[in-house]
Amino acid sequence: MRLRLTLFLLLLLVGLQSCVSKKEIVYLQEYQNNNITKSLQNYEPVIQRDDVLFIQIVTTDPIAASPFNLGMGGEQMAMINLAQGAEPFTYLVAADGTIDMPTIGNVKVEGLTKTQCRILLEEKLAPLLKNPIINIRTVNFRVSVLGEVNRPGIVAKNSDRMTVLEALAGAGDLTIFGKRTNILLIREINGVQSTYTIDLTNANFMQSPYYYLQNNDVLYVEPRAARRDSSAVGANAGIVISAISLLLTAIVLFRR
């Protein structure tokens, strides 16, 4: 009788340990079993310090535009970059938020969208070039994903936009121990660091200003209480309990 009671308690403990509420695990629960359409925000990221910008200027007179298409390091460095397969038309946004362009000098671009930056450069180049076409994009876009994910580290993308879901997918998704309701986003804007909380189980976060990430954002996935508890008693506690319960089950069966 005592053995059966012990077995029952162990099986109950295993069941409670493995039982996880759907509300704690499922993403975007508003969309579950519903056909819902929402318009996502028309998001365009702003330029920040330490961004590396690909800026290509095209005109009917390529020779006149060539000094602006050399990028960082001048003509010699541009040729080296080309030989190594790197982008030749790149400009680093300095600590003061400017890029240094030939002839027109320092241009303040920090805080501007790519569209605003293009319009500004077109105005500054108008006296020098006829109807310039300017292409701009960020070539060093990356975010850091830490905590309860399968592959923590840097997630990079050759694009100006990355969503929270894309970043988490790039890190191998959350582990079963990741707390989906309390993802910490750390963001630096104009030298000021701010933090925000994201709830992946609530589909409304896709309408928030934090759904699209900015360059150098950091995402931290907090562990659920189950992870903290298992760490306190040992990472293999669940395996040990399961093994004991199976052993006791076998003993009961053989004694019948």
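We'll visit a sheet, a helix and then some rings.

You're looking at a predicted model, where local features need pLDDT of at least 70, side-chain atom pairs count only at pLDDT 80 or more, and totals for chains, interfaces and linings use all residues. Residues are numbered from 1 along each chain as its sequence is written, and side-chain values use heavy atoms, with hydrogens and water left out.

**The sheet.** Select residues 52-58, which form β1 (strands are DSSP runs of E, at least two residues, and helices are H or I runs of at least four, numbered from the N terminus). Together they make an open sheet in the order β2-β1-β5, with antiparallel pairing (strands pair if DSSP finds at least two bridges between them). β1 and β2 share three bridges; pick L53 and you'll find its bridge partner, Y91, in β2.

**The helix.** Now select 114-125: that's α5, which packs on the sheet and touches β1 and β5 (contact means heavy atoms within 4.5 Å).

**The rings.** Show R137 and F54: the charged end of R137 sits over the F54 ring, 4.7 Å from its centre (the cut-offs are NZ of Lys or CZ of Arg within 6 Å of the ring centre and within 35 degrees of the ring normal).

Last stop: select F205, Y211 and Y212, a cluster linked by ring pairs (Phe, Tyr or Trp rings, the six-membered one for Trp, with centres within 6.5 Å). F205 and Y211 are both buried (under 20% relative accessible area, 1.4 Å probe, protein chains only).

Terms used. Buried < 20%, exposed > 50% of the residue type's maximum accessible area, 1.4 Å probe, protein only. Phe/Tyr/Trp six-rings, centres within 6.5 Å; stacked < 30°, edge-to-face > 60°. Axes fitted to C-alpha atoms, helices over the stretch in contact; angles between N-to-C directions.
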